[in-house]
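Student: I would like to go through this structure term by term. For each label, I want the value and the rule behind it.

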Amino acid sequence: MPLVHISLRAGKPDAWRQAIFDGVYQALRDSFDVPEDDQFMTIHEHTAANFRYGAHCFGIERSDDLVFIQLTVNNTRTTDQKRALYRRMVTLLADNSGLRPEDVFINLVEVSKENWSTGKGLATFLEPLS
């Protein structure tokens, strides 16, 4: 049950943004066994004045095409699954949208299962949805 927030500079075409959505979702399906139709994602577009990044931080040369991808997920994945997700996501985004691997910044936020209510005011992973 990932919740995905993607931030990027404004001005990219709809097809490019959809390719980002598709690549992120497919990487989650491939690496985290996310079920079909488990898609809860947003894209936030920012003007250049409202989008700041370290162009050379950690020895990685980033461009203005940089995309921040923050995923909130249950704290149930192994380190190997996380590494697989990062690699798969970068590969799919490069293939689907032409995004350079250097311009993919991923952050996982892990939470306990009781921190989700996906509807009806129920604790989704603690009580049955009816």
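Tutor: This is a predicted model; local features need pLDDT of at least 70, side-chain atom pairs count only at pLDDT 80 or more, and totals for chains, interfaces and linings use all residues. Residues are numbered from 1 along each chain as its sequence is written, and side-chain values use heavy atoms, with hydrogens and water left out.

Student: What makes β3 and β4 a parallel pair, and over how many bridges?

Tutor: Two strands pair if DSSP finds at least two bridges between them. Strand β3 (residues 67-74) and strand β4 (residues 104-111) have eight bridges, in the parallel sense. Strands here are DSSP runs of E with at least two residues; helices are runs of H or I with at least four, and both are numbered from the N terminus.

Student: Which sense does the pairing of β1 and β3 take, parallel or antiparallel?

Tutor: Antiparallel, over six bridges, with β1 covering residues 3-9. Leu3 has Thr72 of β3 as its bridge partner.

Student: Why is β3 called mostly covered?

Tutor: Six of its eight residues are buried. Buried means under 20% relative accessible area, exposed over 50%, and partly exposed in between, with a 1.4 Å probe and protein chains only.

Student: Which elements make the β-α-β unit, and what is its hand?

Tutor: β3, helix α2 (residues 79-97) and β4 make the unit, and the hand is right. The rule: with the strands pointing away from the viewer, the path from the first strand over the helix to the second runs clockwise.

Student: Now the other helix. How does the span of α1 compare with the expected value?

Tutor: α1 has 19 residues and reaches 26 Å from its first C-alpha to its last, close to the 27 Å expected. The expected span is 1.5 Å times one less than the number of residues.

Student: Which residues of α1 are buried, and what covers them?

Tutor: Among them are Trp16, Arg17, Ala19, Ile20 and Phe21. The cover includes β1, β2, β3, α2 and β4. Just after α1, Asp33 takes a positive phi of about 55 degrees.

Student: How do you know that Arg17 and Asp14 form a salt bridge?

Tutor: A salt bridge is a side-chain nitrogen of Lys or Arg within 4 Å of a carboxyl oxygen of Asp or Glu. Here the N to O distance is 2.3 Å, so the pair qualifies. Side chains of opposite charge can pair when their charged atoms come close. Because Arg17 and Asp14 are three residues apart in helix α1 (residues 14-32), about one helical turn separates them.

Student: Are the two partners buried or exposed?

Tutor: One of each. Arg17 has 16% relative accessibility, so it counts as buried. Asp14 has 53%, so it is exposed.

Student: Which residue forms a salt bridge with Arg17 at 3.9 Å?

Tutor: Glu45, with 3.9 Å between the closest N and O atoms. This pair links distant parts of the chain: Glu45 is in strand β2 (residues 41-46) and Arg17 in helix α1, 28 residues apart. Glu45 has a relative accessible area of 39%, so it is partly exposed.

Student: How many salt bridges are there by this rule?

Tutor: Eight. Another is Glu102 with Arg100, at 3.5 Å between the closest N and O atoms. Salt bridges that share partners join Asp14, Arg17 and Glu45 into one network.

Student: What makes the link between Asp65 and Lys12 a polar contact?

Tutor: A polar contact is a pair of N or O atoms within 3.5 Å; within protein, one must be able to donate a hydrogen and the other to accept it, and residues adjacent in sequence count only if both atoms are side-chain atoms. The side chains of Asp65 and Lys12 are joined at 2.8 Å. Their C-alpha atoms are separated by 9.1 Å, and the two residues are 53 apart along the chain. Asp65 lies in the loop between β2 and β3.

Student: Why is Ser97 called buried, and what does its side chain reach?

Tutor: Ser97 has 15% relative accessibility, so it counts as buried. Ser97 is found in helix α2. Its side chain reaches the backbone nitrogen of Leu99 at 3.3 Å. A polar atom of that side chain also lies 2.6 Å from the backbone oxygen of Leu93. Leaving aside neighbours within four places in sequence, Ser97 is in contact (heavy atoms within 4.5 Å) with Trp16, Ala19, Ile20 and Leu92.
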